[in-house]
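Here are my notes for a first look at this one. Have it open beside you as you read.

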Amino acid sequence: MAFLRIFLLFSLLSLAFSHETFNSHALPRPLILEYPENVEIQFKEFADELRLQCTSWRFAAETNNLSPWKTVPQECVDYVKDYMMGRGYSIDVEMVSKEAGFFAKSVELSGDGKDIWVFDVDETLLSNLPYYAEHGYGLQIFDPVEFDKWVEKARAPAIQPSLKLYEEILGLGFKVFLLTGRSERQRGVTVENLNYAGFQNWDKLILRASDDHAKLATIYKSEKRNEMIKEGYRILGNSGDQWSDLLGSSPSVRSFKLPNPMYYIP
């Protein structure tokens, strides 16, 4: 949007000076900007084009068609902010959770306690939007030290449609496993935050052990799902905001991707 403002300013200045006639005897006079008749149309067309480009970028990010990316493009920060803070994000999350609920209700559980649903934590159950609102909505390079300070507060709010789905899954008789990329040393604050946000009665909370920290998320989470399968569990559903939550070995019968245009974890 900064580029848009600069573009508009130069357009106005060029139009203003194009109407000046040089007169060395004339007294200096204030610059008067004359708005061309079509400037609002040009402004709207440029804004519409930028919005389309950023919508296309977000679509590519959500469908895993982008090369690995580290930050939101500068020109799309306002777009991502409007999406995350507005109805767009809320409606998308509600749709994902509703479809996951429909699937869960269609499954006939075995009754042996081995049918499980896997949930990621961050941006799946808990929202870190208060943190990212203070860090450019994904424009800034991820700072693990600053993020850990936020995690230690244990005050990330629940993503409400996910909380509703979570309770439905438990009510249907699924075992619930939480599989997060957070460190094992953050177990205490993670449990505290989950309880604070309304999440209770999960069966397992799996965090990264010391020998997991160097692994890509796709590999780490695949290994943990492999262990679940070896223990005789059937992974019927999996909810996550990153493709690395869902892809790899031992996938679920159905996977549900929540929207997240603020960051990418390989």
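1. Of the protein's 266 residues, 42% count as buried, meaning under 20% relative accessible area with a 1.4 Å probe and protein chains only. Bear in mind that this is a predicted model, where local features need pLDDT of at least 70, side-chain atom pairs count only at pLDDT 80 or more, and totals for chains, interfaces and linings use all residues. Residues are numbered from 1 along each chain as its sequence is written, and side-chain values use heavy atoms, with hydrogens and water left out.

2. The accessible surface comes to about 14,800 Å², and 57% of that belongs to carbon and sulfur atoms (Shrake-Rupley method, 1.4 Å probe).

3. You'll find ten helices and five strands; these are DSSP runs numbered from the N terminus, with helices being H or I of at least four residues and strands E of at least two. Take the contacts (heavy atoms within 4.5 Å) between residues at least 6 apart in sequence: 69% of them join residues at least 24 apart.

4. The largest pocket has a volume of about 790 Å³. Of the 28 residues lining this pocket, Phe142, Gly181, Arg182, Arg208 and Ile265 are the closest to its centre. On a 1 Å grid over the protein atoms alone, a pocket is an open set of points with protein on both sides within 12 Å along at least five of seven lines, a cavity is a set where a 1.4 Å probe fits but cannot get out, and lining residues have an atom within 4 Å of a point. Points are joined across faces, edges and corners, and a volume is the space filled by probe spheres set on them.

5. Which elements each supply at least two residues of the largest pocket's lining? They are helix 6 (144–153), strand 2 (175–183), helix 9 (217–230) and helix 10 (243–246). By class, the lining has eleven nonpolar, seven polar and ten charged residues (nonpolar: Ala, Val, Leu, Ile, Met, Phe, Trp, Tyr, Cys and Pro; charged: Asp, Glu, Lys and Arg; polar: the others, Gly among them).

6. There are three cavities of 30 Å³ or more in the whole structure. The largest cavity, at about 70 Å³, has Trp69, Trp243, Tyr263 and Tyr264 among its lining residues. Its lining counts five nonpolar, three polar and three charged residues.

7. The second largest cavity holds about 40 Å³ of space. Its lining has six nonpolar, four polar and no charged residues, and helix 4 gives the most, with three.

Key: Buried < 20%, exposed > 50% of the residue type's maximum accessible area, 1.4 Å probe, protein only.
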